[in-house]
4 protein chains.
Amino acid sequence: MKIAFIGLGAMGYPMAGHVAREHEIKVWNRTTEVAVRHAEEHGTIAVERLEDCAAQDVILTILPTSREVDEIVEVLVPLLGEGGLWIDCTSGDPESSSRTAARLFRQKIGFVDAPVTGGTPGANAGTLTVMVGGTEESYVRACEVLGTFGSRLIHVGEAGAGHAVKAANNAMLAANLWTAAECLLTLKKLGINLRSALEVLNAGSGRSFVSESLLPSRILEGEWPVTFKLALQEKDLRIAASMAHSSHLAMPMIGLTTQLFTAALNDLGEGADYVEVVKYVAKMNGETW
Amino acid sequence: MKIAFIGLGAMGYPMAGHVAREHEIKVWNRTTEVAVRHAEEHGTIAVERLEDCAAQDVILTILPTSREVDEIVEVLVPLLGEGGLWIDCTSGDPESSSRTAARLFRQKIGFVDAPVTGGTPGANAGTLTVMVGGTEESYVRACEVLGTFGSRLIHVGEAGAGHAVKAANNAMLAANLWTAAECLLTLKKLGINLRSALEVLNAGSGRSFVSESLLPSRILEGEWPVTFKLALQEKDLRIAASMAHSSHLAMPMIGLTTQLFTAALNDLGEGADYVEVVKYVAKMNGETW
Amino acid sequence: MKIAFIGLGAMGYPMAGHVAREHEIKVWNRTTEVAVRHAEEHGTIAVERLEDCAAQDVILTILPTSREVDEIVEVLVPLLGEGGLWIDCTSGDPESSSRTAARLFRQKIGFVDAPVTGGTPGANAGTLTVMVGGTEESYVRACEVLGTFGSRLIHVGEAGAGHAVKAANNAMLAANLWTAAECLLTLKKLGINLRSALEVLNAGSGRSFVSESLLPSRILEGEWPVTFKLALQEKDLRIAASMAHSSHLAMPMIGLTTQLFTAALNDLGEGADYVEVVKYVAKMNGETW
Amino acid sequence: MKIAFIGLGAMGYPMAGHVAREHEIKVWNRTTEVAVRHAEEHGTIAVERLEDCAAQDVILTILPTSREVDEIVEVLVPLLGEGGLWIDCTSGDPESSSRTAARLFRQKIGFVDAPVTGGTPGANAGTLTVMVGGTEESYVRACEVLGTFGSRLIHVGEAGAGHAVKAANNAMLAANLWTAAECLLTLKKLGINLRSALEVLNAGSGRSFVSESLLPSRILEGEWPVTFKLALQEKDLRIAASMAHSSHLAMPMIGLTTQLFTAALNDLGEGADYVEVVKYVAKMNGETW
């Protein structure tokens, strides 16, 4: 297959490398130097003009938000022929995806939203989990590409469903994180040994990815790497809140978590890692980590 | 050691069986028949009068709440000699424990709060995790008893600290549960395949004990066993909220979770299992599971 | 001026009567009999076909939500000539209004959103307060009509601003109401005389329209008239929540109030009066009023 | 009557002046100079030693919190004879008041909790509203004193009921304030004229003491006087939250308001005025007033 891979960020860069081993690909990036470097490293073809992506069989996008995807859609869709496939690996907005899918459908082009989970380690190793929304037919076609970087491809529903599940995952992550931060700060104020407490929690029913994989190194070792930007996590939460709102649902925990993350983002700034909301929980209480 | 084991509920009954293999124990239960049955099964000595527990070296209590423990304390403490040890395995209230510890200290009696996690399977197998609050000396003495039913004994701090960590664990459990229920209901309303969605979530960063061990059988198979009463889970949440309040902390997520669980308890009733709050989340939205 | 008045509900009916005293008006209602009755009572001209409204100088709409307004817009806009004015007195959505204003602008037709406050007594007496969004020019033109039923016309900003202020008003009303319900239920549970308590609150800084004009007759006299449908109040809250969300704002109180009203609506049903959320607050606590 | 008036703060100072016109009073204040000044201005008798208050018929306390009242109780109660009356005008805690009332009852001393509303203007003018908890007999006796500074005395229930109603008043005030701040900030972000918006809101159903008497001068004129310390307002909210918690009630709005005020207090500091939480709402959104 001839593929145009659009977006060479922390995730996209290694993912495009995996795709390149099995497919002929052109790569495009907002900053062209990155595409040129990718071409040198992985034998891909760097293109400068977005329009030069239009001739490929498959367009794959992985960008910060659906807004950037929509901009690419505006440029490329008029140039695309029939019969192609658009794969959007962005952690995007289900409503945008549905609109894009419908638009492409009118041009006889398939669409799947296919966000991933597994972080940069999974992207490097090619062992990502991919949640896919779209028709059965588009899903089957997409698997040939998705399988190059994903070890687990899960078809979750119609177009937009992949983004919806990703947003739900990140909403759970966010609420689990904020609550754990509150509980650990409370224990700290009570003078309790947090290393022991985390050992208990992780042997107990309160455990989660958050308590097992995120908090120990931050809380106990004081390491605060930037692994996933708070701004993007907050964006995903806002997508989850929008999904609930559009479906006319009462979802107080998703709602409150979203409000708190927005406040934390305004305090911590765009550059912060999402786990740093733990520091904002402390700040609300006149404390620090 | 001569031990009085007070409270033969779903957890206490098998725990007392493990203790009996290595120690000489008297058992007391509010309903005496249960104690008599335990004596027949495990070779323990059933006592009818609480006062007959006073002569033992160690008093071990495991009761629904600190209120019941306090009642036992009122009866027994005046009868106890110096040098004994009180082990409270109840999921209790740190403030009550601190008061009891101080009172026993004046009589030269040690105290540890030692709530457990691992459920009835862990209690049956003798593989519970035990979080212990109290002085180093009391902790060391208590290990001889706790080790008979616990495979992991963790000393987390002063008297009350065990209860505090247990309350924190259950607050995290509760918030993780409620949020997961909201997210899954939202996905359901969007027409997404929940079996696939749970597969993704459990491969992803939103995963928790809740999404891995509690929700699949309820949501996908429709099995709603009573494993831990909602009334007790709600009580633990109220303890966590009290801890935060007493420490003058702003903890919006613990707070909201507690309010919602109280509302769910009033709707679902005392007999409900705690995971059934998932049904209340649906009811708030005119839906059912 | 020749005016088409569209929507003869509890508010619209008497408002159209006031307009008719000074202007020549056609009236249209989804149920034509109401329009016919209005024509008999007020000397207006009942029209059956919506399209017959298109020839008037001014189109005035007052409908349950912006959705119904949008449907009317779809039908009428293609039929309208240049130079007219559209006045929307619906408690609508600012985003819809902005879109409609822009669409009309391209056809050289003015637009104001002009929701009202004062209830049916104010509508009957012609003493409503009207909050108006739109250009200065459109506002001035609209005053000639609005002044027939409004004693206070306030220009609050551009198109959509009237709806935004109305949504903010109703969000404050809703939060004030829910909180007062919580406080009064707490006092009731403490055995406090609520008549005396309300007397104090209304002499104190906790007072509001809610405590002065809504709660005494409900709580003390047990009168629960339907004055404004909960479904409409909840819709306005959802508009306020959308406004905050679109502006990327952290608004925890608006958010929580909205979630709670949605849950109350699902419990109390479409026919309930909005003040009946007080009963839902009680139900969350196993109580009744 | 011979009265000991304890606590000459912003409220107590002028209140003691009114009492002095009709009764023989001794005044005590933590800082003795203030008592001396009061004696000079109002012909009262300044006492330095708290114990010298014990001989009076009536002890009247008005202090920052019940904690300070409890300290005075510890000192004075052992010195009091039978038949006296204790009037506590502090905005206190109902549970403390109940305990104090029970303790005094055993010594045949009456007790009323009698917090006031009306601010320093009401204290100066002697036109406060007083909400009184206690037995009918104690209430009647207290009226002779309370009537000197209160124009409206309302008996709301048993001992503690006055404090409970005061806490409820302040919880409503706080929630109304926070919500209004959110709504006005949202309108500001939408570019709406806030002077006009406030005019509308105060003609509409969203109005409250907050929107009528507090916000216009702050928001429109930029005046931020210290009228009532945020630390005291937050304390009253915490009392309301405790009342709800002790009564085992689900009160999400009281709960969230309390959490937010605590966070605001930690940010704004002890010296801030309570209305300044409006600034914290803005700060959560990267804005300022």
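The model is predicted, so local features need pLDDT of at least 70 and side-chain atom pairs count only at pLDDT 80 or more, while totals for chains, interfaces and linings use all residues. Residues are numbered from 1 along each chain as its sequence is written, chains are lettered from A and ligands numbered from 1 in the order in which they are written, and side-chain values use heavy atoms, with hydrogens and water left out.

Start in chain C, at strand 5 (residues 85-88). Helices (H or I, at least four residues) and strands (E, at least two) are DSSP runs, numbered from the N terminus. C:Leu85 and C:Ile87 point one way from strand 5 of chain C. C:Trp86 and C:Asp88 point the other way. All of them are buried, a label for under 20% relative accessible area, with exposed meaning over 50% and partly exposed in between (1.4 Å probe, protein chains only). In a regular strand the side chains alternate between the two faces of the sheet.

Strand 5 of chain C pairs with strand 4 (residues 58-61) of chain C in the parallel sense, over four bridges. Two strands pair if DSSP finds at least two bridges between them. C:Thr61 stands opposite C:Asp88 in strand 5 of chain C. From strand 4 of chain C the chain crosses through helix 3 (residues 66-76) of chain C to strand 5 of chain C, in a right-handed β-α-β crossover. Right-handed means that, with the strands pointing away from the viewer, the path from the first strand over the helix to the second runs clockwise.

Strand 5 of chain C also pairs with strand 6 (residues 110-113) of chain C, in the parallel sense over four bridges. Here C:Asp88 stands opposite C:Asp113 in strand 6 of chain C. The crossover from strand 5 of chain C to strand 6 of chain C runs through helix 4 (residues 94-106) of chain C, and this β-α-β crossover is right-handed.

Now turn to the interface of chain C and chain D. In contact (heavy atoms within 4.5 Å) are 58 residues of chain C and 58 residues of chain D. The two chains bury about 5,400 Å² between them, 71% of it on carbon and sulfur atoms. Buried area is the accessible area (1.4 Å probe) that two parts lose on being put together, summed over both. C:Met172, C:Ser205 and C:Met253 supply 13% of the area that chain C buries against chain D, more than any other three residues.

Two salt bridges are counted between chain C and chain D, each a side-chain nitrogen of Lys or Arg within 4 Å of a carboxyl oxygen of Asp or Glu. D:Glu199 and C:Arg152 meet in a salt bridge through their side chains (3.8 Å, N to O). Helix 7 (161-189) of chain C is among the elements that each supply at least two residues of the side of chain C that touches chain D. Helix 7 of chain C gives the largest share of that side, 20 residues.

The contact of chain C with chain B takes nine residues from chain C and eight residues from chain B. The area buried between chain C and chain B is about 630 Å², of which carbon and sulfur atoms give 57%. Zero salt bridges are counted between chain C and chain B. Helix 11 and helix 12 (277-283) of chain C give two or more residues each to the side of chain C that touches chain B. Helix 11 of chain C gives the most, with four residues.

C:Leu265 lies in helix 11 of chain C. C:Leu265 is buried, with a relative accessible area of 8%. Not counting residues up to four places away in sequence, C:Leu265 touches C:Leu230, C:Ala231, C:Glu234 and C:Glu270.

In chain A, look at helix 1 (residues 12-20). Nine of its nine residues are buried, so helix 1 of chain A is largely enclosed by the rest of the structure.

The whole structure holds 43 salt bridges over all chains. A:Lys283 and A:Asp267 meet in one of 2.7 Å, N to O. A:Lys283 is partly exposed at 41% relative accessibility, and A:Asp267 is partly exposed at 29%. In chain C, the side chains of C:Glu276 and C:Lys279 meet in a salt bridge (3.2 Å, N to O). C:Glu276 is buried at 13% relative accessible area, whereas C:Lys279 is partly exposed at 27%. In chain B, a network of salt bridges links B:Arg49, B:Glu51 and B:Asp52.
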